[in-house]
Amino acid sequence: MSKLSCEDVLKLARLSRLKLSEEEIKRFQTELSEILGYVEVLSKADTTGLEPTYQLTGLKNVTRKDEIREYEASPEGLLAQAPAKQDNQFKVKRVL
Amino acid sequence: MSEWLPIADIAASVQSGEQTAIELVEKALAAIVKHQDYDAIISVLGDRARARALEIDKLVSSGKNPGRLAGVPFIAKDNFLVSGGKTTAASNILKPFEAPYQSTAIKKLEAEGAICVAKANLDAFAHGSSTENSDFFVTKNPHDKTRVPGGSSGGSAASVVLGIVPFALGTDTGGSIRQPAAFSGCVGYKPTYGLVSRSGVVAMASSTDVIGPLTTSVEDAALILDIIAGQDELDSTTITRTKSYTDLKGDLTGKKVAVIKEYMAEGLEPDVQKQIESAIEKIKKAGAIVEEISLPSLPLALAVYYIICPAEVSSNLARYDGQRYGYSAPDAKDLDESYELSREQGFGAEAKRRIMIGTYVLSSGYYDAYYKKAQTVRTKIIKEFEAAFAKHDLLIGPTAPTVAFKIGSKTSDPLQMYMNDILTVAANVSGNPSISIPASESEGLPVGLQIIGPMRGDAEVLSAAKAIEELA
């Protein structure tokens, strides 16, 4: 893998919703390239005939009865954490 | 250094009225103050702990049994949601956060009479191996203040070793319970993946995250596991438990123990190697059949981990958007800028690195080469473990390649920092239970011996660990 360009880092930052500083862009360009360079060792591993393992327990479709239950977190308790709220709703900055 | 009795004895003394819960809580709170220069603690839950202690003492005086952990004080890593205080995950973005509900593990411990007295420091969001990635401060090693305690559960490990509490809770995603236990000098247990509910714990990498105890003895770790293990409706990844984890058979005679060749290889500090070899000799003398085994794909586990973990981190940390809870940038013009500024200002460098690496390896065009390839090599590692456990009862090796390093010595090179996890990540990638117990010391600094067992072999790992602990 070649080194990440400045544009690559900016694109990743944008996808990750991070407004990086100039200094961070430079720093992450080097650091992220090094990390990606390290993990590239896997490309040489022979995995012929093997399937990927996405989860370890083998559990499938864990469900419970569809019924109303009491839960300790209340709507008020959850809303109390909001940085801004109005009329019992989360308040956000303008969208457009 | 710890002056606490075994946990079962502490609880028995409270149940019998010989000691009161409030005395134990005051002892822990005084120890927090006494050891505050180690920076192990983020917040103290003094009022909450005292109120709970008085309730427990009232139960005892009215002839009731408060439970198997009656009056036992403990500390939770600050990524466990606990009511009555803040849960920060040692991050600026969660600095104002007060949990509106509690984690299942905390509820189970408190239902048995345990009392959470404080929240411990960690690498922010548990991303790290030294607590140096905490957005607040660095915890110091109990044996040498110029060194790190390990991480990410460094505050939990230091609290136990300093004797502030008899046990602490930690989380282990790539070694974050075992490695600080090794660096600080206590027992750290990582259960089989899925055995302990993670409901109410700040998620890091969901396919490898587990919860476990840090204690001064294997017996204490087994008792805590026995209380927190089991299926939970609030965590659909939990598995069924064994009836008991406390019936430890401390006999090594005839046990088939294999030393992992790749863990005794280059990169290990010579003195760590010497200490581990001497522990292996003792295990042989105790009657175990010790052989060497090669698991050739194990050295790839670190690369597998540093693809899977950031991928899952990038997804799990997407929820911190500055809108519903946590830090929100005050000067944003619109919603999009509010997301970008809140996350930019609220996340530390390591969280940003992992979010971006994760975003990269999951993006179209790179997904197959990185993410899918890593998950396939994961299968290869699992198969090697399965083959090893078909022939052997336990695998052993060191927990970390070095003793605790100097504060600041690895912070400028993230990849160098990742290398600390090289011997612990495999058990996370595969899900196997694993423990670190103090083997001995190297020039005054602890060395940890790691024991890995087959999937769901938690009782076997704990039994063997107890037997080995007694040889030291």
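## Strand 5 of chain B

Strand 5 of chain B runs antiparallel to strand 10 (residues 434-442) of chain B, and three bridges join them. Strands pair if DSSP finds at least two bridges between them. Strands here are DSSP runs (E, at least two residues), as are helices (H or I, at least four), numbered from the N terminus. In this pairing, K190(B) stands opposite S434(B).

Strand 5 of chain B is also joined to strand 6 (residues 210-215) of chain B, by two bridges, again antiparallel. There, G188(B) stands opposite L214(B). In a regular strand the side chains alternate between the two faces of the sheet. From strand 5 (residues 187-190), V187(B) and Y189(B) point one way, and G188(B) and K190(B) the other way.

## Basis of the model

This is a predicted model: local features need pLDDT of at least 70, side-chain atom pairs count only at pLDDT 80 or more, and totals for chains, interfaces and linings use all residues. Residues are numbered from 1 along each chain as its sequence is written, and chains are lettered from A and ligands numbered from 1 in the order in which they are written.

## Chain B overall

Chain B has 15 helices and eleven strands. Its radius of gyration is 21 Å, close to the 23 Å that the globule rule gives for 472 residues, so chain B is as compact as a globular protein of that length. The radius is taken over C-alpha atoms, and the rule is 2.2 Å times the number of residues to the power 0.38. Of the 472 residues, 63% count as buried.

## Where the chains meet

In chain B, 54 residues are in contact with 44 residues of chain A. Contact means C-beta atoms, placed from the backbone, within 7 Å. Helix 12 of chain B gives the most to its side, with twelve residues. By class, that side has 26 nonpolar, 14 polar and 14 charged residues. Nonpolar covers Ala, Val, Leu, Ile, Met, Phe, Trp, Tyr, Cys and Pro; charged covers Asp, Glu, Lys and Arg; the others, Gly among them, are polar.

Helix 1 (residues 6-15) of chain A packs against helix 11 of chain B at about 100°, with axes 9 Å apart. Helix 1 of chain A is therefore roughly perpendicular to helix 11 of chain B; that label covers 65 to 115 degrees, with under 35 roughly parallel, over 145 roughly antiparallel and the rest oblique. Axes are lines fitted to C-alpha atoms, for helices over the stretch in contact, with angles from 0 to 180 degrees between N-to-C directions. L12(A), A13(A) and L15(A) meet M356(B), T359(B) and Y360(B).

Note on methods. Two residues are in contact if their C-beta atoms, placed from the backbone, lie within 7 Å. A residue is buried if 20 or more other C-beta atoms lie within 10 Å of its own, exposed if 12 or fewer, and partly exposed in between; C-beta atoms are placed from the backbone.
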